[in-house]
Structure formats: structure tokens, C-alpha cells
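Dear colleague,

Please find the structure below.

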Amino acid sequence: MSPGNMVASFALLIALAAAPLVHGYPGKLGSCTRDISASATIMGQSVEASTAKTVQLTGQACGGTIVIGTAYSLTMGGAASNFVVDLSGTAAGTFATKQTLDTTEVCEKRTTTSSDTVTFTAAGTAIFRMTTATGYGTATTTETTCDYTVQAAESGGGSGSDTTAASGSGATEAEAASTTPSPSSDTTAGGTTGGTKEAATPTEVFVEMSVTVPLTIAEFTDAKKTSFRKGVANSAGTAIDKVEITEVKAADRRRRMLLETSISVDFRVKVTEAKATELKSSGALSEAKLNEKLKAEGLPAVTVTKAATTSKSAAQRLTGGGMLARTLLSLGVALLVHRAAALG
């Protein structure tokens, strides 16, 4: 080996020895908020989405409803030796065994333990994603996140404590039963009669919006439509089945002058009247917030062309029309009775 080659080889060895080691370990992520979704950059490469990578709560189908206060375990598919399960959404929840990074930062909404459990303390939406890697190289993530609606547990009927107390004091089972109001009793919780009153169902409305998306109609595939609905649902803090795309069309001429290829997407979100007011006042469906959630689903930034407005649901419109029909029918009957009396 010539002296020149020897010097070059020695310099290469020194450079390799001084270079920092890079591993595909979850603890090396550096921050609890590090993006681990598809197209994010980890270990110098873009994260790839894979249908083989799945995560959900054990025994709970994605898209379902779960309750506050219950500890749920995880079921994962395709997890490699190194993985991270990430929890996002509006519901307040934490993992029992939290991920600790090399920086000593503790991630309450991430775990690297397959036997971990997660518990929620407040209602909202819960979104689970798993990203995994076999070592240094390309990381893969779940193609579709697993989403849930978190709500308070329904209160059950009587616990039976009153009957137990009566039996313990010497009363017979028949006597205990005779003192217990039957389900058909007219006595209400307030002690008045007239039948048990059911809680009024909250009125539902549609929050409608329009945006311009820098894609062609052909590029806006069913998969992208699902990602779009999911991004909107995450922004609104609701379930994906509450979001409906009502129309997709080519953007108008003025917008096509600004964007070579773009489409106009009309959509609506079905919520209660109170939730609709909250969404419009809080800015949850602002352009910035929408783009934040849509980016997480791998979609390009959109431009809001019609801000959030509220419209009545079909059920409300039918109810209003029914009331009008009944009113007109009553007037017609009254007129017929009046004419019959005049003729008599």
C-alpha cells in the first residue's frame, strides 16, 4: 500500500470512530412530540405506511366507543423489536408504563411496552398509531390509525343495597320486593307522579365548510378521502363517521390560475348545537388547525374557501315540515266544521 493510501485509510478510520452511532431505538426520538406518522423523517429516511402494522385496544373494534376509568390493554400486529405506540386526540388519557427517552423526558402518551394499559380521565377522541423498526433503516407505521370515542360510563340501575338492608333488618324477600318501586311506577325521581321523564335528546346540526385541495379529482382517491375525513374529525374532536364529503369538483377558474391542479371539496360535520357553537368559536376548524391534522394524515395543505356555517339536519327539516303540515290540516278541519255549521 502506498503512503498516500495508508494516510487516506487512517483518516477514514479516525472519521468512523468519531462519528456518532445511530440506532433505530425509540429512546433516540429526542422528543415526546416527534412526528412518527407516514412521511415523517426518522433515521434520515421517510416513514412508510404499512397495512401490516396495526394497533387497537384489546376487544374493542376501531371506530367504537370506550369509557372513562377503564384500563384497556393493547393488541398489535406486525410490531418489530423496536416500536412506539402513540396516543393523540382530545380525550385525556395516559399509559401506565410511559416511554422514557434518552433525554430523560417522560412521554405520558407513548409506550414501548406491549403489555401496557391505557386509561382515560376525560371524554373526547382517542387516536392510536404504532410506528416500528427492526433497527437502523426505514421505519414503518400503521397506514390507518385506530380511533375511538371516549365517554363517561353509563350509570347502571340500583345496586341492590336497599334490598340487602331490608333483608338484613328482618324483612322477608316479599316485603322487600313490595317496597321497591316497579319499572312501571309513575313516581319520578323528584317524588311527583305522571310517569318517568326521559332526558331530551340533544339537537344535532351540520357544520358545513368548503376547501380547495391541491390535487386533481383522479388523485383524490377513496383512500385520500378517508384520510381527509379523518383529519377533519381529529380537528373537530369527533368520530370519522360524523364527517361527510358532500361534493368534489374542479376548483373555479380564479383558483386554477393560482394552482395548476386543484379541486374544491365541500364537507360537513354532524354535531350537537352546543358542539357546533364551540367549533366555530374555538377555531378548531380554522385553516391552520385543519392543515395540522390533514398533514398528519399525509395530505397537502388546503385553503378554506367557505368558513364554518351551521345548517339543520334532515331530521329537523322533516320535523319542521311535519309541524307545518299538521297546522294546515288543523286549519282545514276547522274551516270544514265552520262551513258545515253554517249550512246546518
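Across which strands does helix α7 lie? Helix α7 (residues 287-296) lies across β16, β18 and β19, and runs at about 100° to β19. Helices (H or I, at least four residues) and strands (E, at least two) are DSSP runs numbered from the N terminus. Axes are lines fitted to C-alpha atoms, for helices over the stretch in contact (heavy atoms within 4.5 Å), and angles run from 0 to 180 degrees between N-to-C directions.

This is a predicted model, in which local features need pLDDT of at least 70 and side-chain atom pairs count only at pLDDT 80 or more, while totals for chains, interfaces and linings use all residues. Residues are numbered from 1 along each chain as its sequence is written, and side-chain values use heavy atoms, leaving out hydrogens and water.

The open sheet has four strands in the order β17-β18-β16-β19, with antiparallel pairing; two strands pair if DSSP finds at least two bridges between them. Its edge strands, β17 (243-250) and β19 (303-312), each pair on one side only. Strand β16 (residues 204-213) is joined to β19 by seven bridges, and V207 has T310 of β19 as its bridge partner.

Yours sincerely
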